[in-house]
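Biologist: Put the model up and let's go through it.

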Amino acid sequence: MRDKYYSDDRDLLKWATLVHIASVNNLRTILQVPYWRPEINLPRFDCMGEKVTVSNQVWKFFRNVHNVTSLGREIGVSVAVISKEFDANHRQSYICEVKTTVEQVEHPLALFLDPDTGLQPKKCHPEHTAITDIQQLWPALEARDWLVLYQHARHTHTWRESVADQLSSLCGVKATVVRSDDVGKDVVFICAQKEGKA
């Protein structure tokens, strides 16, 4: 198997962005908030006429979001992942756990909000980061900390700018867009740094 097929392009861009921000800004921690919702039914495939389900071992090897913590040893930055399962009916409890973890890790940090599709548009669904999530998490960050939001393409031509403007408004600082013309062309990362001296 070629290396480029091991993980998808979005993950490559996602972690390249986070590692670059951490390196340039001398961050101590990258904290991923994956809004993790485990799969109930694993994919099936047809193998020599038999319907077979992907084994748990294979699934965990390729899809275990917590495996990325080992990247921390390579880059000299602590990489942590919120391990609590996300239940949209208990969003407030989830965000409280994130805030507690933010208080416990070393700063400065990059708080990476990594939902399936990004910031809520009009209505908030389980695959979104809610506006209220950001309103609660931004004040928990310290000076020099970063908030980084995964954002999948929306159905407008100006989706990148509109989400960046929305995050800028929520945080009270200018948010910037990270994107690539080479990989993960349908996603961007909206980044905002908390101002002040640590």
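Modeller: Naming first: helices (H or I, at least four residues) and strands (E, at least two) are DSSP runs, numbered from the N terminus. Residues are numbered from 1 along each chain as its sequence is written, and side-chain values use heavy atoms, with hydrogens and water left out. This is a predicted model, in which local features need pLDDT of at least 70 and side-chain atom pairs count only at pLDDT 80 or more, while totals for chains, interfaces and linings use all residues.

Biologist: Where is N26 found, and is it buried or exposed?

Modeller: N26 is in the loop between α1 and β1. It counts as exposed, at 57% relative accessibility. The cut-offs are: buried is under 20% relative accessible area, exposed is over 50%, and partly exposed is in between, using a 1.4 Å probe and protein chains only.

Biologist: Which residues of α1 are buried?

Modeller: L13, K14, W15, T17, L18, I21 and A22.

Biologist: And what length should α1 span?

Modeller: The expected span is 1.5 Å times one less than the number of residues. For the 16 residues of α1 (residues 9-24) that gives 22 Å, and the end C-alpha atoms are 22 Å apart, so the two agree.

Biologist: What about the phi of Y35?

Modeller: Positive, about 50°, and Y35 is not a glycine.

Biologist: Now aromatics. How many pairs are there?

Modeller: Rings of Phe, Tyr and Trp (its six-membered ring) pair if their centres lie within 6.5 Å; planes under 30 degrees apart count as stacked, over 60 as edge-to-face and the rest as tilted. That rule gives six aromatic pairs.

Biologist: Which parts does the Y35 and F86 pair tie together?

Modeller: Y35 is in the loop between β1 (29-33) and β2 (44-47), and F86 is in the loop between β4 (78-81) and α4 (91-104), so the pair ties together parts that are 51 residues apart in sequence. Y35 is buried at a relative accessible area of 3%, and F86 is buried with a value of 3% too. Another pair, F112 with F189, is tilted: 6.1 Å centre to centre and 50° between the planes. That pair links distant parts of the chain, with F112 in β5 (residues 109-113) and F189 in β10 (residues 187-193), 77 residues apart.

Biologist: Which residues do ring pairs link into a cluster?

Modeller: W15, F112, Y150 and F189. K14 also lies over the face of Y150, at 5.5 Å from the ring centre; for that, NZ of Lys or CZ of Arg must be within 6 Å of the ring centre and within 35 degrees of the ring normal.

Biologist: Next, the largest nonpolar core. Which residues touch the most other members?

Modeller: A nonpolar core is a set of buried Ala, Val, Leu, Ile, Met, Phe, Trp, Tyr and Cys residues joined through side-chain atoms within 4.5 Å. The largest has 30 residues, and L111, L113 and L147 touch the most other members. At least two residues each come from β1, α4, β5, α5 (131-137), β8, α6 (159-171) and β10. The largest share, five residues, is from α6. Apart from this core lies another, of 20 residues, including L13, I30, F112 and F189.

Biologist: Last one, Q151. Where is it found, and is it buried or exposed?

Modeller: Q151 is in strand β8 (residues 146-152), and it is buried, with a relative accessible area of 1%.

Biologist: Which backbone atoms lie by its side chain?

Modeller: A polar atom of the Q151 side chain lies 3.1 Å from the backbone oxygen of T117, and one lies 2.8 Å from the backbone nitrogen of L119. A polar contact here is a pair of N or O atoms within 3.5 Å; within protein, one must be able to donate a hydrogen and the other to accept it, and residues adjacent in sequence count only if both atoms are side-chain atoms.
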